[in-house]
Amino acid sequence: MSLRQPIFSIVIPSRGTRPKSLKLAIKSVLGAVEACSDMMSQDVELLVGFDGITGDRVVALENVFYFDLPADKNWGNAPRNILLKRARGEKVVFLDDDNALVSSAFDTYCKFFDFEMLIARIDVSQAFECSYLPQDQPGKSLVRQGNIDPLCLCLSRELVVVRCGGWTSKGGYEADYLNMLQYYRRARTIKVVQDVVGIYDAGQGLDEHGLNFRQEKLLKAGIKSRPI
């Protein structure tokens with residue numbers, strides 16, 4: 001039985017080394033769908049792309065799709081672009097495998113559905129000194145290095161895939177910012193809201209060998225990541 005055309009495509013690049021965190025990420029999407037009165041499970045597809053590894057199929061549902069992709073090892077950039085080409089939803093949401101959506105995320109996405117680029121807040125208190133990103137500072141662009149994460153965004157697929165050509169790997173670790181800046185510059189309609197849609201590092205510490213680059217750096221410096 002084929003699924004109907006989804007409204008949202010959730011793009012999840014995964015290193016394949018944190019299955020518990022990935023399960024949490026997927027479950028957070030499913031929980032947010034269930035919590036939204038305007039949504040049905042068929043309205044969302046979850047696209048998980050494993051970077052050079054045969055990853056665990058941690059949640060088996062007909063709207064969760066897994067892809068074992070060629071090794072890229074470039075901060076999830078190539079997997080994101082491949083998954084975007086497979087995305088069928090009108091809207092695109094980026095979700096790393098160690099992050100999570102909050103239960104009200106789709107309420108926010110649906111409320112501002114008509115905007116090509118929605119910029120919402122995310123809880124970063126488990127990773128940084130500040131509680132939320134992005135932070136608005138007079139005289140500075142909201143879309144600036146270190147102030148915004150792909151998790152903050154809900155974007156039209158037409159903007160991302162058609163007009164901007166997907167997700168480029170240019171810049172390596174800096175590719176997140178460069179891609180978001182391109183979307184921001186080319187978006188015809190942009191809405192910035194104070195609603196919180198995601199939790200950064202929600203799955204930190206769940207998988208023993210799944211620390212990200214920043215967490216490993218903190219560990220080497222003798223600084224423990226904040227508990228969940």
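Modeller: Before we start, buried means under 20% relative accessible area, exposed over 50%, and partly exposed in between (1.4 Å probe, protein chains only). This is a predicted model, where local features need pLDDT of at least 70, side-chain atom pairs count only at pLDDT 80 or more, and totals for chains, interfaces and linings use all residues. Residues are numbered from 1 along each chain as its sequence is written, and side-chain values use heavy atoms, with hydrogens and water left out.

Colleague: Why do you call the contact of Arg88 and Glu45 a salt bridge?

Modeller: A salt bridge needs a side-chain nitrogen of Lys or Arg within 4 Å of a carboxyl oxygen of Asp or Glu. Here the N to O value is 3.3 Å, so the pair qualifies.

Colleague: What about Arg80 and Asp96?

Modeller: They meet at 2.8 Å, N to O, so that is a salt bridge too. Arg80 lies in helix H2 and Asp96 in the loop between S4 and S5, so the pair ties together parts 16 residues apart in sequence. Helices (H or I, at least four residues) and strands (E, at least two) are DSSP runs, numbered from the N terminus.

Colleague: Are Arg80 and Asp96 buried or partly exposed?

Modeller: Arg80, at 2% relative accessibility, counts as buried, whereas Asp96, at 21%, is partly exposed.
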